[in-house]
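Let us go through this fold in questions and answers. Keep the sequence and the model side by side.

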Amino acid sequence: MKILFEISHPAHVHQFKHVIWNLRNAGHEVKIVAREKDVALQLLESYKLDYEKIGKSYGSLVQKAYGLLKTDYKLFKIAKEFKPDIFVSRGSPYSAHVSYLMRKPHIAFWDTECAVLNDLLSYKFTDVICTPMCFRGNIDPQKHIKYNGYKELAYLHPKYFNADPVVLEEIGISKDEKFIIMRFISWTAHHDIGLRGIKRGSELELVKSLEQYGRVYITSERKLSGKLEKYRISILPEKIHSLLYYAQLYIGEGGTMAVEAAVLGTPSIHVESTSSGIATGELSGNFLELRNKYGLLYFYPDQNQALEKAINILENRNSKRKWKKKRKKLLEDKIDVTAWMTDFIERYPESFYEYKRCSE
């Protein structure tokens, strides 16, 4: 079977890498296409995953409209030559459009409830949309399949991930020294439109407040000021999860990294709100489940509330130990997401009908 995977974000590399290796080991032919976004291409190269570039990330809505047409065309040309049997993506409109034109199935592994524009552009042209069971969005039940996990478990489950303590040596920190990871995003993604995070100009003040409890390291999609640049993490992007595992706290705007920290057993705080001032975590099924059921992640609409919670966590010497116990409970409850995705793709469409029967 020929399978075309689309990568449009660094998290997609992590989500699909083990699935791709599984499918290739089973004898299937896999083609990877990718858009230039943050360190996505660098990650593909670090894992020796060959790809063809189909575009980049665009900023304004006008640029995104132009980019949609341009990327659709580039992907169509590649797909016509490769002749895939199945398209797989995170819910990409590009794969949705091209698969529809080629009359081939498109499987989307999706988990974002607030990406209205993306949903409008992709749902109609997608054959099946797989989401976590906690997903709260409105999807046609004839296309919707749920699984008991999160995309982050596809690469951070202990079966696939072991933290490497060498990363601590690389940043010059001892195993006993406390440190905090902070993230800033670029706010150029389609699902970031109308949202806001840490107030511009207040970042350094937040860093200084947190520095009282340990070193602060920043990972950022956007350019940092001179005073903030010295806090930027200087490690290979594929090592960030090991650093997250050993951190005392994660705090920032990146939703994916907030969930990654949580499933690794690191206290996690997400700062993001809608234009009306509602924390976006209130609209996200996996965020709500990770807070309400497992107590692994917290989310706030502004950094003042987030900082108060951060200090509360950092002042408790047992926080990290408590989070490791919470993580153990989470892992006991959830499935092997990589194995599930591999099986679903490999046996499609039989897998789809099987899961639909089980859910009825």
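Q: How many bridges join strand E8 to strand E10?
A: This is a predicted model: local features need pLDDT of at least 70, side-chain atom pairs count only at pLDDT 80 or more, and totals for chains, interfaces and linings use all residues. Residues are numbered from 1 along each chain as its sequence is written, and side-chain values use heavy atoms, without hydrogens and water. Strands (E, at least two residues) and helices (H or I, at least four) are DSSP runs numbered from the N terminus. E8 (residues 179–184) and E10 (residues 249–252) run parallel, and the bridges joining them number four.

Q: Which strands stand at the edges of the sheet?
A: Two strands pair if DSSP finds at least two bridges between them. The open sheet has five strands in the order E9-E8-E10-E11-E12, with parallel pairing. Each edge strand has a single partner strand, so one side is left without a neighbour in the sheet; these are E9 (215–220) and E12 (297–300).

Q: Which residues of H14 are buried?
A: Helix H14 covers residues 319–333. Buried means under 20% relative accessible area, exposed over 50%, partly exposed in between (1.4 Å probe, protein chains only). The buried residues are Ser319, Lys320, Trp323, Arg327, Leu330 and Leu331.

Q: Which exposed residues does the face turned away carry?
A: This face of H14 is turned away from the buried side. Its exposed residues are Arg321, Lys325, Lys328 and Glu332.

Definitions and conventions: The expected span of a helix is 1.5 Å times one less than its number of residues.
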